[in-house]
Amino acid sequence: MKPRKLDLPDSLPQLLLGARNIVVLTGSGLNPASRLPLCRDGMRGLWARYDADALATEEGFRRDPGLVWAWHEERRRRMLLAAPNAAHRAIATLSDRVPGTFVVTQNGDTLHERAGSPRILHLLGRFDQPRCAACGMPHTLAEPPAKPSWHAPYPEPPACRICGGLVRPGRVWHGEPPQPEVWRIAKGLAACADVMLAVGTSCLTPAAAELCYEAMASGARLVQVNPNPTLLDRVATHNVKGAAEKVLPLLFARAWPAG
Ligand SMILES: [Zn+2]
């Protein structure tokens, strides 16, 4: 099916063509086209009886580490089954057009990697990169089971090979700031950007909103691609209302029509 024609202002492809450094800030709006849940939508089925505080906070982890670990493992399993969609692929091609393109994603999956984007920063961590809750040592995971087989009582998370502490999920907790090194790099990228392209993110995470403001304060233009209103609509240079997997291929084809 041919996608609906988008009403894009001429200045938007021109803006991309003139950019040397583009930060593509992505969020869970990229998920549905890969059949992954939105970030506020992850507690379905087996997990529907739990809330985010039980599954994705430090307090929840202290209360029931096995439950929190099992939920993150299920998300890792689903991420490995998912495939990149047209938005991930379009963003990967943008790196060919503009070598100074950097993806900063709030998603914990590896779909940008699998789509071929060469420079990716995971602002909020990755499902497949857990670390020791006590000493911070990265922990290498075995392959997840082919089917979910978790039922209470949930087994404890693995133990750290260095200090014996509990291994925690690789994602930051709800309300937890990014890892300091990741945050330092993200702010540096935002400060150097000509264009901040915020895709499928409502920027409700304080770190995501701060990056957009940081970029704009340093002279970048903010372009949002989102079907829904966001907190940054009023300050963005362009707001393109639509799903990323529909908008981005058309937008980039408009900027670089030669293919
Ligand atoms: Zn440790």
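Buried, on this tour, means under 20% relative accessible area, exposed means over 50%, and partly exposed is in between (1.4 Å probe, protein chains only). You're looking at a predicted model, where local features need pLDDT of at least 70, side-chain atom pairs count only at pLDDT 80 or more, and totals for chains, interfaces and linings use all residues. Residues are numbered from 1 along each chain as its sequence is written, and side-chain values use heavy atoms, with hydrogens and water left out.

**Stop 1: Arg-126**

Select Arg-126, in the loop between strand E3 (120–122) and strand E4 (131–132); strands (E, at least two residues) and helices (H or I, at least four) are DSSP runs, numbered from the N terminus. Arg-126 counts as buried, because its relative accessibility is 16%. Now show Glu-113: the two side chains make a polar contact at 3.4 Å (a pair of N or O atoms within 3.5 Å; within protein, one must be able to donate a hydrogen and the other to accept it, and residues adjacent in sequence count only if both atoms are side-chain atoms). Leaving aside neighbours within four places in sequence, Arg-126 is in contact with Gly-108, Thr-110, Glu-113, Gly-170 and Arg-171, contact being heavy atoms within 4.5 Å.

**Stop 2: Arg-171**

Hop over to Arg-171, whose charged end sits over the ring of Phe-127, 5.2 Å from the ring centre. That label requires NZ of Lys or CZ of Arg within 6 Å of the ring centre and within 35 degrees of the ring normal.

**Stop 3: the zinc ion**

Next, pick the zinc ion and show SG of Cys-132, Cys-135, Cys-160 and Cys-163, which coordinate the metal at 2.2 to 2.4 Å. Donors are N, O and S atoms within 2.8 Å of the metal (3.2 Å for Na, K and Ca); water is not among the atoms, so sites may look incomplete. Along the chain, the zinc donors follow the spacing C-x2-C-x24-C-x2-C. Colour by accessibility: Cys-160 is buried at 8%, while Cys-163 is partly exposed at 41%.

**Stop 4: the aromatic pairs**

How many aromatic pairs does the structure hold? There are two. Rings of Phe, Tyr and Trp (its six-membered ring) pair if their centres lie within 6.5 Å; planes under 30 degrees apart count as stacked, over 60 as edge-to-face and the rest as tilted.

Select Phe-61 and Trp-173: this pair is tilted, 5.4 Å centre to centre with 35° between the planes. Phe-61 is in helix H3 (residues 58–63) and Trp-173 in the loop between strand E5 (167–168) and helix H7 (180–192), so the pair ties together parts 112 residues apart in sequence. Both Phe-61 and Trp-173 are buried.

Finish at Phe-252 and Trp-256, an edge-to-face pair because the planes are at 65°, with ring centres 6.3 Å apart. Phe-252 is buried at 7% relative accessible area.
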